[in-house]
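Open your viewer and get ready to select residues by number. This tour goes stop by stop, and each stop says what to pick and what to look for.

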Amino acid sequence: MPLSDLNLANHFLIAMPSMQDPMFGGTVIYLCEHNDRGALGVVINKPTDMNIETLLERISIKLDITPELCQETKKLVMFGGPVQDDRGFVLHAPLDDYTSTIKISDQIAFTTSRDVLEAVANGSGPKRLLVSVGYAGWSAGQLEDEIIRNGWLTVPADPAILFDMPIELRFSAALKLLGIDPIMLSGEAGHA
């Protein structure tokens, strides 16, 4: 299959040691969309200094339930990437149809509309979610080129890593999906 026909939606991108970009070094990205126009993903292991409760306050969404009853609001918001880093993006287990949702798989959806956060605030939102500010984006062919240059490993995504695993364990857990121990990685590409 030509690399241009590759569809890596619902995959993790795992940064290789050769990744020199400080923004993406050591990251795991969940790819939401990948087609001939480019790719869009969310970094899942680079937390910001705010949790969802703080984010809701900043965007004037009133928490209608006590934070003790809604553990989702204690989750840290991720730095999803440098594109539109003033906007929120939500990866979640499909629950409802929100205004602007892309269903990526039976277990994961991507929502860009405010109504999913309003649902979280009133206690009716998804329990499995990851909120980010910003996303990572690639133009047509750019991601494929980075993969060829040994910038990323790819593996089908595991929702448990995305939603349930502690942030600091996500990188090594994603590598283990490939049977790789992080200390075994090299920044050099091998060529025969």
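A salt bridge here is a side-chain nitrogen of Lys or Arg within 4 Å of a carboxyl oxygen of Asp or Glu. Before you start, note that this is a predicted model, in which local features need pLDDT of at least 70, side-chain atom pairs count only at pLDDT 80 or more, and totals for chains, interfaces and linings use all residues. Residues are numbered from 1 along each chain as its sequence is written, and side-chain values use heavy atoms, with hydrogens and water left out.

**Stop 1: salt bridges**

The structure holds five salt bridges. Select E53 and K74. Their closest N and O atoms are 2.8 Å apart in a salt bridge. This pair links distant parts of the chain: E53 is in helix α1 (residues 52-58), while K74 is in the loop between α1 and β5, 21 residues apart. Helices (H or I, at least four residues) and strands (E, at least two) are DSSP runs, numbered from the N terminus.

Is E53 buried or exposed? Buried means under 20% relative accessible area, exposed over 50%, and partly exposed in between (1.4 Å probe, protein chains only). E53 counts as buried because its relative accessibility is 16%. K74 has 39%, so K74 is partly exposed.

Now select D164 and R128. Their side chains meet in a salt bridge, 2.6 Å from N to O. This pair also links distant parts of the chain: D164 is in the loop between α4 and α5, and R128 is in the loop between α2 and β9, 36 residues apart. D164 is partly exposed, at 49%. R128 is partly exposed too, at 28%.

Go on to R114 and E118. Their side chains form a salt bridge with an N to O distance of 3.2 Å.

**Stop 2: N45**

Select N45, in the loop between β3 (38-43) and β4 (47-51). Its relative accessibility is 13%, so N45 counts as buried. What does the side chain of N45 reach? Another is the backbone nitrogen of V28, at 2.9 Å. Both are polar contacts (a pair of N or O atoms within 3.5 Å; within protein, one must be able to donate a hydrogen and the other to accept it, and residues adjacent in sequence count only if both atoms are side-chain atoms).

Next, show the contacts (heavy atoms within 4.5 Å). Leaving aside neighbours within four places in sequence, the contacts of N45 include M78, I167, R170 and F171.

**Stop 3: helix α5**

Step just past α5 to G179, which takes a positive phi of about 80°.

**Stop 4: S132**

Select S132 in strand β9. S132 counts as buried because its relative accessibility is 1%. Its side chain reaches the backbone oxygen of G134 at 3.1 Å. Leaving aside neighbours within four places in sequence, the contacts of S132 include V42, M78, R87 and G88.
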